[in-house]
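Hello,

Here is the structure I said I would pass on. My notes come after it.

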Amino acid sequence: MLPRMGARPPLSEPPAPRPVILIVGGGPFQVDIARTARSLGAVVAVADRDPAAAAFGHADHPLAIDIVDHPALIDAARRLGVSGVVSAASDVAVPAVAAVGEALGLRVSSKEAVTRCRDKLEMYAAVQRAGLAMPRTVWVEDDAQARAAAREVGGFPLVVKPRSAAGGRGVSVVRDRHGLRRAMERARAYDPRGCLVQTFVGGHAIGVEAFFWDGVLALAVVMDDQFEDGFVSPVGHALPSELPEAVQAQVRDDVVAYARALGVTEGPANFDLRVERGRTVLLEVNARLGGNSITDLVRSAYGVDLSAATVRAAIGQDPRPELALGPVHPTASRLLVVKAEGVAHLDDPFGRIADREGIVAVELAVRDGEPMALRVDEHAIVGRCVVRGPTAAAAVEKASEVRAAVTDALRVIPR
Ligand SMILES: Nc1ncnc2c1ncn2[C@@H]1O[C@H](COP(=O)(O)OP(=O)(O)O)[C@@H](O)[C@H]1O
Ligand SMILES: [Mg+2]
């Protein structure tokens, strides 16, 4: 039939198909990214072997797939026509993201690069080949080798750590030769083959939450780290850093060099560094978001949504507008940890937080009457908080008040 005279052309093109994003892992850490992907209009697929995974509640396609099963993930991604693949703070998910991304030709750092970042022996080897600063590191398999390594790395204090773990698990700072054997045992719980002995790096502890787009650094936020006695990893991060701007600029340049040496080219990356005598030294890098607290910290401090940037970049949208820093609001994030094992009894922790001003988030990871399951060796992670203050130091102080309120409310019945 001929078109009627005067018939108007269609007013608009048919709508573009919605991008389909695959989120690898469905645990609580993935909820933010799943929610964000939905709010950006993507069709959300979530893969997790646990049918009760938290992020399934935000998924259009809940996929009961174990995230270590890369071929099954790739098949599902192909079937759904996935155009982006991401994960949040899960280390196990990082190689899966790279595997799916490579198979489907999506925007990801190479599988080789992310695998290298997960294996500290490989990571340090690549950094050393590039001539960049790192602690002297020796792989050891028995006590005699460990004693020799202790001399090689310059004596005590030194650090013993597993080749591949996270969150400070199995990592010890060893003060003298008597502590060496025990430290090796702790590290070897994560890898019976052996462990790394390395120079202790002093100086100013910082984290850098970085974001790469097309091999170029699009954002690098320098955070000051806070520590607590007996817990080897930082318990807190604060923004803005106290380091002079010139030093921070140098750190950003160094982060670019480290990323290049390791092959990290796309998306978020979380660096663990020291600034020692004016020099940046790499402790490690994870080719993923630093964790929910850091995402919340950066959002509170600069109004930058790293989850949104990660989702956009994954589906091929330029994330840089999302990464533009707003005016700074000093903020601290803190992990609430206690050295204890057993069943938690909580007596009104929120009621004990006297002054709520500045509190952005307080979340508990334990429930009254239940065992404290989230652990880093001898320590339990009780929760986390994110707080603002007039200065970064004031925010850090306020975060320790929250920590004190929660630990005061906690009684642990040993099992
Ligand atoms: N060579 C080192 N010198 C000083 N501190 C270190 C060294 N290596 C690790 N640490 C401390 O231990 C923490 C955990 O070690 P790291 O290598 O980052 O392991 P993980 O992957 O478990 O986070 C670091 O955040 C840092 O505070
Ligand atoms: Mg670390």
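This is a predicted model: local features need pLDDT of at least 70, side-chain atom pairs count only at pLDDT 80 or more; totals for chains, interfaces and linings use all residues.

Domains

The domain assignment of the protein chain gives four entries: domain 1 (20-106), domain 2 (136-199), domain 3 (202-328) and domain 4 (330-415). Taken over C-alpha atoms, the centres of domain 2 and domain 3 are 27 Å apart.

Cavities

The count is four cavities of 30 Å³ or more.

Where does the largest cavity lie? Its lining takes residues from both domain 1 (20-106) and domain 3 (202-328), so the cavity lies between these two domains. The lining is made up of 21 residues, and those nearest the centre of the cavity are Val97, Glu266, Gly267, Pro268 and Ala287. Two or more lining residues come from each of strand 4 (84-86), helix 3 (93-104), strand 12 (267-276) and helix 10 (306-314). Helix 3 contributes the most, with four residues. By residue type, the lining of the largest cavity has 14 nonpolar, four polar and three charged residues.

The second largest cavity is lined by Asp91, Cys117, Arg118, Lys120, Ala165, Glu284 and Asn286. Helix 4 (111-118) and strand 13 (279-286) each supply at least two residues of this lining. Here the division is two nonpolar, one polar and four charged.

Helix 7

Which residues of helix 7 (residues 180-188) are buried? They are Leu180, Ala183, Met184, Arg186 and Ala187. Seen down the helix axis, these buried residues fall within an arc of 160°, so they line one face of helix 7. As background, an α-helix has 3.6 residues a turn, so residues three or four places apart point the same way.

What do the buried residues of helix 7 pack against? Their partners are strand 5 (137-140), helix 6 (143-152), strand 6 (158-161), strand 7 (172-174) and strand 8 (195-199).

If you open the model, I would start with the largest cavity, between domain 1 and domain 3, and then turn to the buried face of helix 7.

Regards

Note on methods: Residues are numbered from 1 along each chain as its sequence is written. Chains are lettered from A and ligands numbered from 1 in the order in which they are written. Side-chain values use heavy atoms; hydrogens and water are left out. On a 1 Å grid over the protein atoms alone, a cavity is a set of points where a 1.4 Å probe fits but cannot get out, and a pocket is an open set with protein on both sides within 12 Å along at least five of seven lines; lining residues have an atom within 4 Å of a point. Grid points are joined across faces, edges and corners, and a volume is the space filled by probe spheres set on the points. Ala, Val, Leu, Ile, Met, Phe, Trp, Tyr, Cys and Pro count as nonpolar, Asp, Glu, Lys and Arg as charged, and the others, Gly among them, as polar. Domain bounds come from an automatic or database domain assignment. Buried means under 20% relative accessible area, exposed over 50%, partly exposed in between (1.4 Å probe, protein chains only). The arc is that of the directions from the helix axis to the C-beta atoms. Contact means heavy atoms within 4.5 Å.
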